[in-house]
Amino acid sequence: MTPPPRPSALPAARSGAPGDPNRVQAVALIIIAFAVVLFLLVQARFLLISLATAIVIFSLMSDAISFIARARIGPVGIPNWLASITAFVALAAILLTLTSVVLNQINTVLVTTLSYADRAPEAIAALFSWLGESTEAAVLNSLRTVELGGYLRAFAGQAGNLMQGTVLVILFVGFLFAERVWFATKLVNFTGDPVKADRVGRIIGSIIRRVNRYLLVKTIVSLMTGVMVWALAGLFGLELAVALGILTFILNYIPNIGSIVATLLVALVAYVQLGDARITAAIFAITGIIQFVNGNVLDPMMMGRALRLSSFGIIISLAFWGAVWGIPGMFLSVPITVAAMIVCSEIPALRPVAILLSREGLPEPEISAPTAAAIGRVHRAVRR
């Protein structure tokens with residue numbers, strides 16, 4: 001009687017097991033690709049920041065172009081090319097004017113800060129006088145070792161690149177305006193399928209609408225906050241009232257952190273100039289109330305459900321893009337995160353990422369599942 005055959009020593013390793021060479025190779029390739037992309041993001045940061053800013057501004061101006069194109073002068077309508085040129089010229093004038101105003105205020109702040117540089121260490125060290133003379137002396141000695149002038153001159157050099165970036169953004173927006181007419185045709189030819197092109201167009205439209213709503217609400221709230229801070233600083237006789245209002249308006253575009261930095265900046269300027277702890281505490285408290293009410297009551301009420309981003313996701317995005325692109329990356333972090341959440345919600349494999357980025361864990365795809373299934377059935381019927 002022949003013995004039964006022996007079972008094989010070990011079954012073959014299943015694909016996807018932790019020790020699978022193919023899986024290890026795929027993970028290694030993903031890590032290498034991420035490192036290469038991160039390297040390119042850092043090395044080409046000036047160009048990419050200008051391009052990302054131009055795309056955001058172009059999305060804002062696309063609605064303005066459509067509004068101008070729908071307008072009529074009597075029986076004559078405005079051609080699309082004329083609407084694009086009008087919007088581009090107006091945008092260039094606004095950007096150059098705003099850049100000049102910001103640079104002027106930055107120079108004012110730098111000059112005034114340099115004049116206060118000698119008094120600032122004593123004023124800041126006096127805040128620690130309640131801890132004892134030794135602590136106050138230690139803080140004063142530490143502050144005197146900081147070369148504030150060198151940091152301010154380096155910051156002025158970085159601010160000088162703002163005008164170059166503005167000119168580059170205007171050029172990018174001009175090229176995007178020129179390509180705007182042919183975008184729908186290119187999208188159809190690129191996807192090779194009108195249904196897919198329509199789906200991609202809906203996703204892009206959703207990104208534009210949500211980013212535009214976010215920027216519009218943020219601009220209104222930041223403008224109100226800046227005007228209130230300017231009025232408060234002017235009421236207490238601060239020399240940098242206008243500059244503090246403008247800087248508050250700009251810093252409020254940085255989520256969460258910007259309002260804190262603006263509040264501390266107002267309090268620091270007030271204490272260095274006035275030297276009165278009680279008045280400084282009052283200014284700090286009033287500024288904090290303004291920021292809290294506008295940022296936590298008015299902003300969410302006006303924003304509604306347009307953004308729907310997780311607060312933790314915003315912080316992570318802020319930290320990542322701040323590390324990669326610096327301060328400009330902080331300004332662009334929310335629009336980039338909104339675009340990433342919408343795109344990931346439309347791709348089944350990336351939907352967990354969209355769930356993590358969304359506020360309630362329920363990201364809304366631009367096309368619901370029943371609608372997508374209906375479009376697929378129509379498309380298959382057309383093919384037959």
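1. Ground rules. Since the model is predicted, local features need pLDDT of at least 70 and side-chain atom pairs count only at pLDDT 80 or more, while totals for chains, interfaces and linings use all residues. Residues are numbered from 1 along each chain as its sequence is written, and side-chain values use heavy atoms, with hydrogens and water left out.

2. Overall make-up. The protein chain has 15 helices and 2 strands (DSSP runs numbered from the N terminus: H or I of at least four residues for helices, E of at least two for strands). Of its 384 residues, 34% count as buried (under 20% relative accessible area; exposed is over 50% and partly exposed is in between, with a 1.4 Å probe and protein chains only). Take the contacts (heavy atoms within 4.5 Å) between residues at least 6 apart in sequence: 68% of them join residues at least 24 apart.

3. Surface. The accessible surface comes to about 23,200 Å², and 72% of that belongs to carbon and sulfur atoms (Shrake-Rupley method, 1.4 Å probe; for residues, only the protein chains shown count as cover). Leu29, Ile32, Val36, Phe39 and Leu40 make a nonpolar surface patch of about 500 Å² (patch residues have over 30% relative accessible area and no salt bridge; like charges are joined within 9 Å, and nonpolar side chains, meaning Val, Leu, Ile, Met, Phe, Trp and Tyr, within 5 Å). Leu40 sits in helix 1, residues 21-43, and counts as partly exposed because its relative accessibility is 49%.

4. Cores. The largest nonpolar core has 26 residues, and Val211, Leu309, Trp325, Leu332, Val334 and Val338 have the most contacts inside it (a core is a set of buried Ala, Val, Leu, Ile, Met, Phe, Trp, Tyr and Cys residues joined through side-chain atoms within 4.5 Å). Several helices supply at least two residues each, among them helix 2 (45-70), helix 11 (277-303) and helix 13 (327-346). Helix 8 gives the largest share, 7 residues. A second, separate core of 15 residues includes Ala87, Leu91, Ala92 and Leu95.

5. Salt bridges. How many are there by this rule? The count comes to 2 (a side-chain nitrogen of Lys or Arg within 4 Å of a carboxyl oxygen of Asp or Glu). Asp198 pairs with Arg202, with the closest N and O atoms 2.9 Å apart; the two are 4 residues apart in helix 8, so about one helical turn separates them. Glu346 pairs with Arg199 at 2.8 Å between the closest N and O atoms. Glu346 lies in helix 13 and Arg199 in helix 8, so this pair ties together parts 147 residues apart in sequence. Glu346 counts as buried at 9% relative accessibility, whereas Arg199 is partly exposed at 27%.

6. Thr166. This residue is in helix 6, residues 148-179, and is buried because its relative accessibility is 9%. Its side chain makes a polar contact with the side chain of Thr99 at 2.9 Å (N or O atoms within 3.5 Å; within protein, one must be able to donate a hydrogen and the other to accept it, and residues adjacent in sequence count only if both atoms are side-chain atoms). Leaving aside neighbours within four places in sequence, Thr166 also touches Leu95 and Leu96.

7. Ala233. Found in helix 8, Ala233 is buried at 3% relative accessibility. Ala233 and Ile283 are 50 residues apart in sequence and 8.1 Å apart in space, C-alpha to C-alpha.
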